[in-house]
Amino acid sequence: MSLEYRTFRLLYATLKSDLGRSMIIDEAYAQGLITRQELDHINSGLTPDEKNGKLLDAVEVRIREERGKYYDFLNILKKEDTFSNLVEKLTSTFRELSEAEAQDTSSGNDSHREAAVNPPAPSPKASKPPTIDELTEQVKTIQWKKLGRKLGIEEFELNAIEENNPKNTKRALEDVLSQWHGSTAKPTWRAVVDALKAIKEIRLATKLEEDFC
């Protein structure tokens with residue numbers, strides 16, 4: 001998962017609320033950021049908030065596929081002075097993520113993104129890394145913030161996820177798992193199981209360990 005995509009995901013809720021009754025939808029289409037079909041789908045929204053949500057969902061897919069689309073989106077926002085604060089939030093969040101990643105790399109702390117060391121001889125069923133869909137389907141806990149810490153998510157990233165998902169623990173957990181999965185070189189079920197054990201989610205950890213490790 002690219003830094004650009006992670007930045008966009010962290011600020012999704014902020015983008016949705018701060019765009020307001022903006023006219024960037026047509027500009028996004030003019031710049032090739034969304035297709036004609038997506039434009040029609042977005043305009044089918046009944047409220048500005050609904051339209052913004054549809055727009056951001058489409059842009060999110062583009063950025064996930066090609067991180068350069070993030071800069072296309074950023075340039076669209078820069079054309080409007082009313083979005084200067086939003087541009088600054090995106091820029092500062094991207095910078096914080098970049099600095100955190102650089103620090104991890106320079107210190108050789110690759111294990112910071114892993115909850116624990118993988119076993120030396122994994123079983124055949126543990127050889128396949130979990131997909132994000134499998135993670136969100138199998139991992140259910142309200143302790144998403146504690147789990148995020150054990151999986152090595154930075155505190156400011158967890159705070160951003162919390163801000164983006166007020167009182168929505170399900171979406172917050174999904175964002176934590178997505179963030180970890182995308183920023184970890186080799187995501188494993190063992191790392192998830194050990195993180196769950198560390199936060200005392202023993203029953204869930206045991207089940208996942210039996211099924212996937």
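Colleague: How many cavities of 30 Å³ or more does a search of the whole structure find?

Modeller: The search finds one. A cavity is a set of points, on a 1 Å grid over the protein atoms alone, where a 1.4 Å probe fits but cannot get out. This is a predicted model, in which local features need pLDDT of at least 70, side-chain atom pairs count only at pLDDT 80 or more, and totals for chains, interfaces and linings use all residues. Residues are numbered from 1 along each chain as its sequence is written, and side-chain values use heavy atoms, without hydrogens and water.

Colleague: What makes a residue part of the lining, and which residues line the largest cavity?

Modeller: A lining residue has an atom within 4 Å of a point. Met1, Arg9, Leu10, Ile161, Asp175, Ser178 and Gln179 line the largest cavity, which holds about 60 Å³ of space. Helix H11 (169-183) gives the most to this lining, with three residues.

Colleague: Why is Arg6 called buried?

Modeller: Buried means under 20% relative accessible area (1.4 Å probe, protein chains only). Arg6 has 2%, and is therefore buried. Arg6 is found in helix H1 (residues 3-10); a helix is a DSSP run of H or I with at least four residues.

Colleague: What makes the pair Arg6 and Glu157 a polar contact?

Modeller: The term requires a pair of N or O atoms within 3.5 Å, one able to donate a hydrogen and the other to accept it. The side chains of Arg6 and Glu157 are joined at 3.0 Å, so the pair meets the distance limit.

Key: Helix = DSSP H or I, 4+ residues; strand = E, 2+ residues; numbered from the N terminus. Buried < 20%, exposed > 50% of the residue type's maximum accessible area, 1.4 Å probe, protein only. 1 Å grid on protein atoms, 1.4 Å probe; cavity = no way out; pocket = protein on both sides within 12 Å on 5 of 7 lines; lining within 4 Å. Points joined across faces, edges and corners; volume = space filled by probe spheres on them.
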